[in-house]
Amino acid sequence: MTLSIKERLDAVAAEIVVCPKCRLSKTRKNAVPGEGNPESLIVFIGEAPGYWEDVKGKPFVGAAGKFLTILIGEIGFSRSDVFITNIVKCRPPRNREPLPDEIETCTPYLNRQFKLIQPKIIVTLGNNSTAYVFSKANLFFSGITQARGKFYETSILGMNIVIFPTFHPAAALYSAKYKEQITRDFQLLRGELAKREIVKS
Ligand code: URA
């Protein structure tokens with residue numbers, strides 16, 4: 001019996017919600033595997049769940065998530081058209097950044113999600129998710145400010161892919177400058193999706 005992509009993604013999510021592999025499993029309320037269209041050509045990757053994501057078990061449902069939902073609307077998609085996840089699936093205490101060993105322990109789950117979904121474009125949100133995806137692509141990373149707003153045609157995990165880094169939507173909540181830049185990045189993204197004929201799947 002061959003399982004569908006959704007069934008295989010659900011199996012990965014079922015492992016994530018009971019994962020005991022790192023210290024974050026001891027403090028989480030709920031792990032957050034990610035959600036969305038299993039066949040999406042676009043995947044959005046954040047850093048780690050925050051307070052509300054931990055409570056609800058869903059990615060980007062707090063204040064930053066509300067802004068991300070608006071941005072996704074501005075490129076002509078809805079949340080359920082795309083797939084949204086994080087490099088680390090459990091909330092770090094007090095929303096600190098995930099530690100290198102937590103990223104290393106958790107990202108095999110993300111890699112399995114990538115291989116199942118086979119997106120054409122990965123939008124990385126912020127420094128840590130961009131650093132991780134660039135490392136998988138053997139791309140040099142010198143920080144999100146340098147890297148953002150450009151399209152990197154590359155390959156990761158044996159798949160040809162475009163990486164598009166931008167600022168984390170949480171940055172837009174405290175800085176008008178970041179808000180303007182991230183909004184501009186999504187306008188670029190909209191144009192590139194049209195050029196590449198990347199549509200809802
Ligand atoms: N910030 C993230 O990086 N991910 C979430 O899911 C929520 C906030």
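Visitor: Is the crossing of α5 and α6 left-handed or right-handed?

Guide: The crossing of α5 and α6 is right-handed; a crossing is right-handed if the near helix is turned clockwise from the far one by less than a right angle, and left-handed if anticlockwise. Please note that this is a predicted model, in which local features need pLDDT of at least 70, side-chain atom pairs count only at pLDDT 80 or more, and totals for chains, interfaces and linings use all residues. Residues are numbered from 1 along each chain as its sequence is written, and side-chain values use heavy atoms, without hydrogens and water.

Visitor: How is the packing of two helices described?

Guide: One gives the angle between the helix axes and the distance between the axes. Here, helix α5 (residues 100–117) and helix α6 (residues 127–136) pack at an angle of about 70°, with axes 12 Å apart. The two are therefore roughly perpendicular to each other, a term for angles of 65 to 115 degrees.

Visitor: Which residues of α5 and α6 meet?

Guide: In α5, Ile103, Thr107, Leu110, Asn111 and Phe114 meet Tyr132, Val133 and Lys136 of α6; contact means heavy atoms within 4.5 Å.

Visitor: How are side chains arranged in a strand?

Guide: In a regular strand, they alternate between the two faces of the sheet. In β4 (residues 121–125), Ile121, Val123 and Leu125 on one side and Ile122 and Thr124 on the other are all buried, that is, under 20% relative accessible area (1.4 Å probe, protein chains only).

Visitor: Which residue in β4 is the bridge partner of Val43?

Guide: The partner is Ile122; strand β2 (residues 42–46) runs parallel to β4, joined by 4 bridges.

How values were computed. Buried < 20%, exposed > 50% of the residue type's maximum accessible area, 1.4 Å probe, protein only. Pairing = 2+ DSSP bridges. Axes fitted to C-alpha atoms, helices over the stretch in contact; angles between N-to-C directions. Parallel < 35°, antiparallel > 145°, perpendicular 65-115°, else oblique.
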